[in-house]
Amino acid sequence: MSESHLSFFKPNPATRKMLHLVQEGISAGFPSPADDFKELRISIDQEVVKNEEATFYARVSGQSMQGAGLDDGDLLVIDRSQEPENSAIAVCFIDGEFTVKRLKVEKDCIYLMPENPRYQPIKVTEENQLQIWGVVTYVVKKV
Amino acid sequence: MFALVDCNNFYASCERVFQPQFEGRPIVILSNNDGCVIARSNEAKALGIPMGAPAFQYKDQFKRQNIQVFSSNYALYGDMSHRVMTVLKRYTPNVEIYSIDEAFLQFKGFEYFDLKVECARMRKQVKQWTGIPVSVGLAPSKALAKIANKIAKKFTAKTQGVYVIDTEEKRIKALRWTAIGEVWGIGRQHKMRLEAMGLQTALDFVGLPDDWIRAHMSVLGLRLKKDLQGLPFIQLEEIDPPKKSIATTRSFETTVSQWGDLEERVATFAVSCAEKLRKQRSNCSALYVFVRSDPHKKGATPYRNSCTVTLPYASNSNLDLSKYALTAAKSLFRKGIHYKKAGVIALGLTPAETRQLTLFESHVGKHQALMYTIDKIHHRYGPHQMKLGNQDLKRTWKMRQEHLSKRYTTALTDIIKVK
């Protein structure tokens, strides 16, 4: 192999200059006065999600809670960390189905109250399998 | 004190949160591709469905006994697991996530707390917030906490899901109750040897002399003995050690017999391994590739083969892993075989920072920048957006999932509907 095919280059330490690494990039203009005041953009989660681990979502189907502002297709925010109390709006599982209603706690029974005159209250007796799944804390609707 | 928190029948419980009608009814969950049973509810266990039961063999029994079948829904299980673990971290800063449904908690400096009361509160909170039932075992060491957990789970009605080993009397009783093969850390080999020696319970094991255990079961066995004596020798591992091998193996939805189809699958598996490697900042230095025909197909030629290729340099690049995995697969490929499964396993993992330089390969740096960019794009726009030319853009893990439930917590289109 002739010498012209292969040539070795060695770095010459004498000519190597150390340069600072500038992370930000340099522009010739005036530096942005907003840089020191950067904040995170608002997220709706900050308002509606109190405990991430306990937050679930559901979609409303039907008009039984129209009077409470829950329309067909609305998005519900459910916070399972909240204790269900009298007059809370809750997602319940009763007789094989999820439903959203207002709780009305009486002495020896619970009523699931719709907010639409066209629907009947559901009286929960010992024969029904009721599970109060979670308390509704917010409703997201399209205007 | 240590607590072991274990979710009861975790996969089945996850399904029941969103489909409460299956509460109290038998449920089984199938593996990827609906192959075999990987999880069972208590009711399904009572009906005698064994772990690993092939789905096609038990199909009639599922139907006859009204057993609800689910495909595994890892998007759901992963999110629910994360929720449970996050609630647990509210109770102590020292948490070791041991598996998708188990965590060790260490309580240091809680002398003035009644830990049994705390654990009962924790159990209640996990159930209310996430819907997942858990059992808690509390003891002075991890190995004992594991046993306490078994007791809590086995006698739920009596223990209310929380059991504490806090006296010598309870410890001895618990050890006597535990069969030697059930002890955490005693594998099949040791179990057979110890049973052959006439040992039956954990208490018998603790009675063995230190020297014998050290000689036959190494220092790990000795640590286990001390742990079972109530002296915490096994420490909490809060940071995951990097995995020693990484694998992506899948059964195909249908069998394939063309090289082009097999090539596509193997390339996809290799790329998946490369992504996992980069995630834990490792390189691999060899690849093990295997292919297998359908064992249940009658009349077809059975075939299974595997080979290992050594990479010329350690790498975690999609391009390198795909290239070498395909070299291996090509050598395994035979015409006329109906392939049902393939896999790529990355071996010889080394930290990505300490890569050995080689003389003839100098493009690794280039790959690094490319892979970094691909990972960034995937992070922003979701996975599987960019692929190699030999991968199919449309499919990733096209699996048979005939009984898949919805992604109730990770996709807005899949959330529950309420009337």
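## Where the chains meet

Two strands pair if DSSP finds at least two bridges between them. Strands themselves are DSSP runs of E with at least two residues, and helices are runs of H or I with at least four, both numbered from the N terminus. In this predicted model, local features need pLDDT of at least 70 and side-chain atom pairs count only at pLDDT 80 or more, while totals for chains, interfaces and linings use all residues. Residues are numbered from 1 along each chain as its sequence is written, and chains are lettered from A and ligands numbered from 1 in the order in which they are written.

Strand β1 (residues 55–60) of chain A pairs with β14(B) in the parallel sense, over three bridges. Within that pairing, A58(A) stands opposite I416(B).

The contact between the chains takes 22 residues from chain A and 14 residues from chain B. Here, two residues are in contact if their C-beta atoms, placed from the backbone, lie within 7 Å. On the chain B side, two or more residues come from each of α4 (74–88), α5 (115–130) and β14 (416–418). By class, that side has six nonpolar, five polar and three charged residues. Ala, Val, Leu, Ile, Met, Phe, Trp, Tyr, Cys and Pro count as nonpolar, Asp, Glu, Lys and Arg as charged, and the others, Gly among them, as polar.

## Chain A

Chain A has one helix and seven strands. The order along the sequence is α-β-β-β-β-β-β-β. Of its 143 residues, 20% count as buried. A buried residue has 20 or more other C-beta atoms within 10 Å of its own, an exposed one 12 or fewer, and a partly exposed one a number in between, with C-beta atoms placed from the backbone. Among contacts in chain A with a separation of 6 or more, 53% join residues 24 or more positions apart.

S87(A) sits in the loop between β2 (75–79) and β3 (89–94) of chain A. Its phi is positive, near 75°, and S87(A) is not a glycine. S87(A) is exposed, with 9 other C-beta atoms within 10 Å.

## Domains of chain B

Chain B is divided into domain 1 (7–76), domain 2 (77–228) and domain 3 (246–381). These bounds come from an automatic or database domain assignment. The centres of domain 1 and domain 2 of chain B, taken over C-alpha atoms, are 26 Å apart. Their contact takes 11 residues from domain 1 and 13 residues from domain 2.

On the domain 1 side, α1 (10–18) and α4 of chain B each give two or more residues. The largest share, five residues, comes from α1(B). This side has eight nonpolar, three polar and no charged residues.

## Cores of chain B

A nonpolar core is a set of buried Ala, Val, Leu, Ile, Met, Phe, Trp, Tyr and Cys residues joined through C-beta atoms within 7 Å. The largest has 91 residues, and A3(B), L138(B) and A148(B) have the most contacts inside it. Helix α6 (residues 142–154) of chain B gives the largest share, seven residues. Domain 1 and domain 2 of chain B each supply at least three residues.

Leaving aside neighbours within four places in sequence, A148(B) touches G137(B), L138(B), A139(B), Y163(B), V164(B), I165(B) and A174(B). Another core, of 30 residues, lies apart and includes V266(B), A274(B), V291(B) and V344(B).

## Backbone details in chain B

S218(B) lies in helix α11 (residues 210–228) of chain B. Its phi is positive, about 60°, though S218(B) is not a glycine. S218(B) counts as exposed, with 10 C-beta neighbours inside 10 Å.
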